[in-house]
Amino acid sequence: MEFLVTTILAVIAAALTGITLLWQKRGTGFKRVHYTAACDQLLLDRDDDALASFLSGPVSVHLEPSGTKLVWPMAFKLRLANTGMAPIQPGDFSSTLNIDFGRYCELLGGSITVNRGRADEFLGTDSAVLDHGCLKLTPFLLNPGDEITISGMLNGVVPDEGIVVSGRVTGMEAFVRLRAQDRGPRAKLVVNSLIYELVEQQPVAPDIDVKIFVLPKFLPFEDLGSAPSGGRGISTRLNGSVVEQMHQVSFQITNCSRNEVDLADWLRCQVADKTFLHLHEVRRSHETIASDSHSEFVDWDSRSVGIRPGKLGPRETFSATFIAEGTLEDIEVSARPEEIEDVQIARMAFPDTSLERHLAAMRPRVILITPGIHRGLQKLKDALSGSSR
């Protein structure tokens with residue numbers, strides 16, 4: 001019975017494919033435009049309270065050279081292509097081509113690239129107009145296979161439906177959106193010991209686990225088209241002062257044993273240059289320690305950090321989190337309690353930061369089976385399979 005169901009579905013799919021292809025080739029050609037868009041927040045902190053902390057905390061992002069503070073910076077990339085078989089002439093448009101970022105989102109700047117020729121020749125001069133969260137492009141020639149890519153920076157929250165492209169074109173029902181393939185930046189954590197040179201020398205399962213996590217505070221600027229740092233577009237600041245390579249550094253000490261331990265001596269680490277800028281938070285497991293008690297557990301300046309958690313219960317973790325500049329490449333352990341066998345540093349790296357990989361593929365140009373047809377076939381398969389039981 002399963003073979004019969006599969007055969008029926010194959011025949012239906014082949015028939016729909018033939019009908020679709022004949023419909024697409026009717027007349028002199030058909031008009032179709034697909035687009036795909038991806039966006040990601042600049043702040044890498046993805047906690048639920050990240051927005052509130054960003055708005056009220058000491059860390060901020062500014063538009064340069066005006067110094068305007070940004071509410072919620074987002075990076076985006078959008079690609080639009082003529083995937084049909086007929087050119088779309090400027091006269092085919094009865095409206096502008098609208099790229100809507102949402103009423104609460106502002107386009108700060110970006111770049112437009114095309115796959116054939118130069119953007120100013122492709123689109124014409126003075127072809128883009130900003131209007132209340134919407135980028136409007138004046139009508140232009142879009143030949144089969146032509147692609148336009150727009151990338152840049154937004155300020156504000158993109159609506160749930162994402163970036164929407166719309167407009168009225170003669171002989172075309174709508175601009176078809178292809179959903180982005182996935183979300184969020186990809187990163188890898190590189191872990192090294194600050195005590196042992198060889199992996200074979202490191203303790204396998206120490207009773208006291210000590211790690212220093214070094215995480216970028218923001219998505220790398222290289223991902224943002226024409227919105228780089230260094231005073232040319234966007235700057236990151238701490239208490240109003242520009243910090244070029246802002247990182248979040250967290251010292252974490254976990255008691256992995258089944259017994260309480262008392263770490264009464266200081267664990268101390270140091271660097272050569274001024275690196276540690278701000279003590280952001282001190283926690284004991286899920287409890288935040290008040291700032292007036294920080295000095296009891298943390299002793300620090302711009303070049304050194306000392307941690308003394310005191311008594312730690314089984315599976316209990318003590319952490320101290322800093323805002324720092326740089327990746328602590330020269331950090332060294334200058335002192336440690338005898339209970340601590342190893343200190344490891346874990347740095348987050350972005351092997352691929354580009355939003356390009358999020359964009360859905362728009363090849364081949366002739367898309368025979370649409371997502372709607374695919375869902376219909378799946379429902380038919382489920383119905384046929386159910387009736388066979």
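These legends describe close-up views of a predicted model. Residues are numbered from 1 along each chain as its sequence is written, and side-chain values use heavy atoms, without hydrogens and water. Local features need pLDDT of at least 70 and side-chain atom pairs 80 or more, while totals for chains, interfaces and linings use all residues.

**View 1. Phe-251 and Phe-276 form a tilted aromatic pair.** Ring centres lie 6.2 Å apart, with 50 degrees between the planes. Rings of Phe, Tyr and Trp (its six-membered ring) pair if their centres lie within 6.5 Å; planes under 30 degrees apart are stacked, over 60 edge-to-face, the rest tilted. Phe-251 sits in strand β16 (residues 246-255) and Phe-276 in strand β19 (residues 276-284), so the pair links parts 25 residues apart in sequence. Strands are DSSP runs of E, at least two residues, numbered from the N terminus. Phe-251 is buried at 3% relative accessibility; Phe-276 is buried at 2%. Buried means under 20% relative accessible area (1.4 Å probe, protein chains only).

**View 2. Four residues make one aromatic cluster.** Its members are Phe-251, Phe-276, Trp-300 and Phe-322. The structure holds nine aromatic pairs.

**View 3. Lys-211 lies in strand β13 (residues 208-216).** Lys-211 is buried, at 19% relative accessible area. Beyond four places in sequence, Lys-211 touches Ser-250, Phe-251, Gln-252 and Gln-344. Contact means heavy atoms within 4.5 Å.

View 4. pLDDT is the predictor's confidence in each residue, from 0 to 100. The protein averages 83.

Conventions. Helices (H or I, at least four residues) and strands (E, at least two) are DSSP runs, numbered from the N terminus. Buried means under 20% relative accessible area, exposed over 50%, partly exposed in between (1.4 Å probe, protein chains only).
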